[in-house]
Amino acid sequence: MADTAVVSDAPDSARTPPLVVRFAGDSGDGIQLAGSEFAKSTADAKSDFMTFPDYPAEIRAPAGTLFGVSAYQIQFASDEVLTPGDKADVLVAFNPAALTTNLQHLKPGGLLIADETHFDARGLKKAKLEANPLEDGTLDAFQVITADVVKRTIEALAPLELGRKQATRAKNFWVLGLVYWLFGRPLSTTEDWLNSKFRKTPEVADANIMAMKAGHAYGETVELSAIRDFAEPRIAKHKAASRIISGTQAMAYGIAAISALGKRDVVYCSYPITPASVLLHALARFDAGIRTFQAEDEIAAVSAALGASYAGSIGITASSGPGLSLKTEAIGLGVAVELPLIVIDVQRGGPSTGMPTKPEQSDLTMAIYGRHGEAPLPVLAPATPDECFWIMIEAARTAIQTMSPVIVLSDAYLANAASDWELPDIDAIPDIDWPEHKANGEDFEPFSRDPETLARPWVAPGTPGHAHRIGGIEKSSGSGHISYDPDNHQEMTRLRAEKIRRLADRWSEVKLEDGPDDGDLLVIGWGSTYGAIAQAVKELNADGKRISHLHLRHLNPLPRGVKELLERFPRAVTAELNTGQLCSILRSEFLKPVECISQVTGQPFHVSDLKEEFVKRSEASQS
Amino acid sequence: MNVMQLKPSDFETDQEVRWCPGCGDYAILKVVKSVLADIGRSPDEIVFVAGIGCAARFPYYLSTYGFHTIHGRAAAVATGVKLANPNLDVWVVGGDGDFLSIGGNHTLHALRRNIDLNLLLFNNAIYGLTKGQYSPTSPVGTRSPSTPNGSVEQPVNAARFALGAGAKFVARGADTLQTHLPEVLKRAHGYKGASFVEILQNCIVYHDGAFGAINDRSKSQNVTVRLEHGKPMVFGKDNDKGLVFNEQTGAFEVAEIASLNSDAEVAVHEETNIDHAFALAQLEQPGFPVPLGVIYAEETPHFTEARGFTGTKGDWDRETLKAIL
């Protein structure tokens, strides 16, 4: 194939924001880096955006293979952006395997930028291709730019006299330069970052900058007029200071906020597991305020966190599904001894190892019910990266106010998805208060209760005059002494449940996110599906549909107002990345025929798929 | 630390002790109370953490802070207590099941990390609370409800396990040796780091006499060697036998002192000698005296010290948070 830009004559459809760009290549190609640099430049362009890294579980699979493909998708627009987008307007493919696995994510008529370097017999074979898709008509429905990126990068870096291998490493910046040209972006954001990142090795910074400029110039030189229609959406959405944040980073800041607002060090204990480890890395960077501990296993992590809570700190542990399974006995102990504890579950595809890097919402019932004995506890779920910050503060308050472990459900999508984040007004957030107990040593009863919240006093070792013993054996209400009394167990079981149920009295009633109070269909979501559901409902209602969106952040206990909504709407459906866990909870709780839109592909919902389902169900409910 | 004037009875609780009559745990409880009284630290600053098992009921019978947790996890819970508040005096109590079976992993890591805990393993070489199954320290051939024809598994040697895990303080005592055990526990308490003490404890119901004459006060001298740093390792009724270190095999041998050319041939106990520690831990009945006392002790920074964790209060406030964001 000629080493020139080939622009097919596919229709140049009018492009209006939002736009979706997807980078795909080998894990070793620097895809995530190119993607996140593009996101930073998007933030500088004052566009709203959301990103989604879609990477394989393999650390570094053999180059060019189908299972080694890593991808990064970003949607940006002048309006609010709620999802990383369904399908891409622009797909960058670094090799045949990336093209094969990612072409399904490119819109018809969309632009493909392909590095033709590896579209040779060897590369095609690795991607299990019989024919070259750049030549066999596979791409007829798309606009295509091909370039021998590796060769051009090496040529561009020739003055630096680097080895071929080292020069080739800069190819992701060559492509990034081309993509920047496409969107009329300045190179300065990435240039500044490279200069600061490689302060100590300026030759590396120079090579990458030179490659990026060459890619940019390539766009300028080659006639790409048919494509240069990507009007950059430019509207300053945020007035206040903002930054790019992923759900995991937001959670890390939320945990830092617990330390700062409670004026007491947080103890964070965890065992590495994908995709929760990133949180440990983020927190381990703080040398004070948060005491991190990499435990020997999941059980030790939760046990140490509980021990820390016993000793008067907020103990936090995080894991993913397999780890939550291992932690359940210790969480049950937390319920029995009534100590605060925060357990974060970054859900991934299961069962067992399942799909470690892919999102799923299939741990909901485990979070609510997954312990032996009657062991209710609060379950919370943030809906957006921003909420990941706030939910940690709420989890700490909830744990303290109920003297109970609290489970926070995130997932692999929410953890990695990044968006622009308006910095919160820290002075406006109330302190996290540590309860004070007034009884003196003589009258002190470790299992007496606050009449309103039913929480027991939290008295840490070291408190003078209050030495007492707690444990997993059933305790006598009040004194906390070991008790096998039948009536006492009945009463303690009731109290532990009622304590959690009363949270719903203190939480505000649920409100619809969008749509009329008397619509044709009530769509109920929870957790990370917020963006896709909200976008689908917004678009449908703009077209005259009457669909309403309820999104639950509180999964246990269920908040007030859900029942009334279920009674008011003719039809209700949950949309979940599982096989209907919230749906069956709502059915059993409220005896209503709630339906479910289920997806367990390891991918977030596509807005278009949800729209189709919502329309189908709302029309059926009208007829 | 303020030293208080305390009596053993100051550590009593109003809870009825529920071990079987004649259980070795009573003797250990008595020793622990007297040691705590001698140490003189306020009961409000002491925490006993236990897992599950007969031994694990220990916290209920002491008027300190206490946490009866779940099977095997006491060391992990206690680690968390120290992370949050390194100032507390934390003791972990468990049996051979807690420490070496279900919780073996946590024992290994608490020792290797050198968490500042006093770990007391009550080894009775049987599972008492679940009614007499063999345990990881039961000798080969132990007949029990789950091994009616006798167990075939090699038992774990607790002291060797601890040394292998990288423990920097390893000691051994026995329940009935009421003058020896307190000294061992005081040494363990005085050590800043993970101090591991195996206490040979007789289960009168399911494994009576498991340690033979070791914890029989009248015969113990013949089958044990009492270790004292800087002193020759002699034993026997009239201290007529001694341990000689064979440099070639790296093992201790038993010698009649009368048969030696010189008393100097008897090895002198050096607590900081790791090779000797392994060789001592190896010695078992029959054939060798069982070493009692501090087998190994080496000062090294403990975990929370190395990490720089102090106290319970946090230094962060809103300004810190703003700076982070």
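The model is a predicted one, and every value below was computed from it.

We begin with the interface between the chains. The size of an interface is often given as the accessible area lost when the parts come together. For chain A and chain B the buried area is about 4700 Å², and carbon and sulfur atoms give 61% of it. On the side of chain A, the residues that lose the most area to chain B are Arg291(A), Glu296(A) and Arg469(A), which together account for 16% of what that side buries. Counted by residues in contact, 64 come from chain A and 51 from chain B.

The polar part of this interface can be described in two ways. There are 3 salt bridges between chain A and chain B, and in a salt bridge between these chains the side chain of Asp431(A) meets that of Arg318(B) at 2.9 Å, N to O. Polar contacts link 27 residue pairs across the interface of chain A and chain B, with both residues of each pair at pLDDT 80 or more.

Several secondary-structure elements of chain A give two or more residues to the side that touches chain B, namely helices H9 (247-262), H11 (298-310) and H12 (321-337) together with strands S8 (266-270), S9 (290-294) and S15 (469-471). The largest share comes from H11(A), with 8 residues. Sorted by class, this side of chain A has 38 nonpolar, 15 polar and 11 charged residues.

We turn now to chain B itself, which is divided into domain 1, covering 8-231 + 269-307, and domain 2, covering 232-267. The contact between the two takes 15 residues from domain 1 of chain B and 14 residues from domain 2 of chain B. Taken over C-alpha atoms, the centres of these domains are separated by 28 Å. The area buried between domain 1 and domain 2 of chain B is about 1100 Å², with 72% given by carbon and sulfur atoms. Asn222(B), Lys231(B) and His276(B) are the residues of domain 1 of chain B that lose the most area to domain 2 of chain B, together 33% of what that side buries.

Between these two domains of chain B the count of salt bridges is 0, while 2 residue pairs are in polar contact across their interface, both residues at pLDDT 80 or more. On the side of domain 1 of chain B that touches domain 2 of chain B, helix H7 (220-223), strand S9 (224-226) and helix H8 (274-282) of chain B each supply at least two residues. H8(B) gives the most to that side, with 3 residues. The residues of that side divide into 7 nonpolar, 7 polar and 1 charged.

Some backbone details of chain A remain. The peptide bond from Thr274(A) to Pro275(A) is cis, with omega near 0°, and Pro275(A) lies in the loop between S8 and helix H10 (277-284) of chain A. The peptide bond from Gly350(A) to Pro351(A) is cis, with omega near 0°, and Pro351(A) has its place in the loop between strand S11 (341-347) and helix H13 (364-369) of chain A. Ser352(A), which lies in the loop between S11 and H13 of chain A, has a positive phi of about 55° although it is not a glycine.

Technical notes:
Residues numbered from 1 in each chain as written. Chains lettered and ligands numbered in written order. Predicted model: local features only at pLDDT ≥ 70, side-chain atom pairs only at ≥ 80, totals over all residues. Heavy atoms only, no water. Domains from an automatic or database assignment. Contact = heavy atoms within 4.5 Å. Buried area = accessible area lost by both parts, 1.4 Å probe. Salt bridge = Lys/Arg side-chain N within 4 Å of Asp/Glu carboxyl O. Polar contact = N/O pair within 3.5 Å; in protein donor to acceptor, adjacent residues only side chain to side chain. Helix = DSSP H or I, 4+ residues; strand = E, 2+ residues; numbered from the N terminus. Nonpolar A, V, L, I, M, F, W, Y, C, P; charged D, E, K, R; others polar.
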